[in-house]
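Here is a short note for a colleague who is opening this structure for the first time. Please read the points with the view beside you.

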Amino acid sequence: MVVNPPPTCCKKTGGDCTCAQQATCSCGQKEALNCTCARAPQENTVEGARCSCLRRPAKQCTCERAAEENTVTGESCECGLRNAEACTCEKNPNTGLREGEIDFTGKA
């Protein structure tokens, strides 16, 4: 699976987003956003703050960076779910539109 890195990705490999390739749904059976278990309706939709790869909700990371991603140390972003310098929620004016997103509000 090739996942183009979002601007917030750790970019450990310099190319594809390693974190996104490792991210799984909470049951661990499928890759993130492709869950087929009973929790699929919640698992396959991510809104608000996300982990760095943008495939899991903030504080629910399942990749090798979970220890870092699931803890907020120091100053937090406005929503309180991420570190201030790593905000991924819609309250961050610097994130802009993500790949595949369409701004129907006309604000972007």
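**Notes on charges, cysteines and confidence**

1. Start with arginine 39. Its relative accessible area is 41%, so arginine 39 is partly exposed. Arginine 39 makes a salt bridge to glutamate 43, with the closest N and O atoms 3.2 Å apart. Glutamate 43 is buried, with a relative accessible area of 4%.

2. A word on confidence. This is a predicted model. The protein chain has an average pLDDT of 76, and 68% of the residues score at least 70. Mean confidence is lowest in H1, at 76, and highest in H2, at 88.

3. Which side chain joins arginine 56 in a polar contact of 2.7 Å? That of glutamate 43. Arginine 56 sits in the loop between helix H2 (40-43) and helix H3 (66-69). At 4% relative accessibility, arginine 56 is buried. The arginine 56 side chain also reaches the backbone oxygen of glutamine 60, at 3.0 Å.

4. Look around arginine 56 next. Leaving out residues up to four places away in sequence, arginine 56 touches several residues, among them Ala23, Thr24, Cys25, Val46, Cys51 and Cys61.

5. Now the salt bridges. The structure holds 6 of them. Arg65, Glu68, Glu69 and Arg82 are linked in a network. Within it, arginine 65 meets glutamate 68 at 3.4 Å, N to O. Arginine 65 also meets glutamate 69, at 2.8 Å.

6. Are the members of these pairs buried or exposed? Glutamate 69 and arginine 65 are both buried. For arginine 65 the relative accessibility is 16%. Glutamate 68 is exposed, with a relative accessible area of 54%.

7. Then the cysteines. How many disulfides does the structure hold? The count is 0. Cysteine 25 is in no disulfide, and its nearest cysteine sulfur, that of cysteine 27, is 3.3 Å away. Cysteine 79 is in no disulfide either; the nearest cysteine sulfur belongs to cysteine 77, 3.4 Å away.

8. Cysteine 25 is buried, at 2% relative accessibility. Cysteine 79 is partly exposed, with a relative accessible area of 28%.

9. Last, cysteine 19. This residue lies in helix H1 (residues 18-22). At 3% relative accessibility, cysteine 19 is buried. Cysteine 19 and cysteine 61 are 42 residues apart in sequence, and their C-alpha atoms are 9.1 Å apart in space.

Methods. Residues numbered from 1 in each chain as written. Predicted model: local features only at pLDDT ≥ 70, side-chain atom pairs only at ≥ 80, totals over all residues. Heavy atoms only, no water. Disulfide = S-S within 2.5 Å. Buried < 20%, exposed > 50% of the residue type's maximum accessible area, 1.4 Å probe, protein only. Helix = DSSP H or I, 4+ residues; strand = E, 2+ residues; numbered from the N terminus. Polar contact = N/O pair within 3.5 Å; in protein donor to acceptor, adjacent residues only side chain to side chain. Contact = heavy atoms within 4.5 Å. pLDDT = per-residue confidence, 0-100. Salt bridge = Lys/Arg side-chain N within 4 Å of Asp/Glu carboxyl O.
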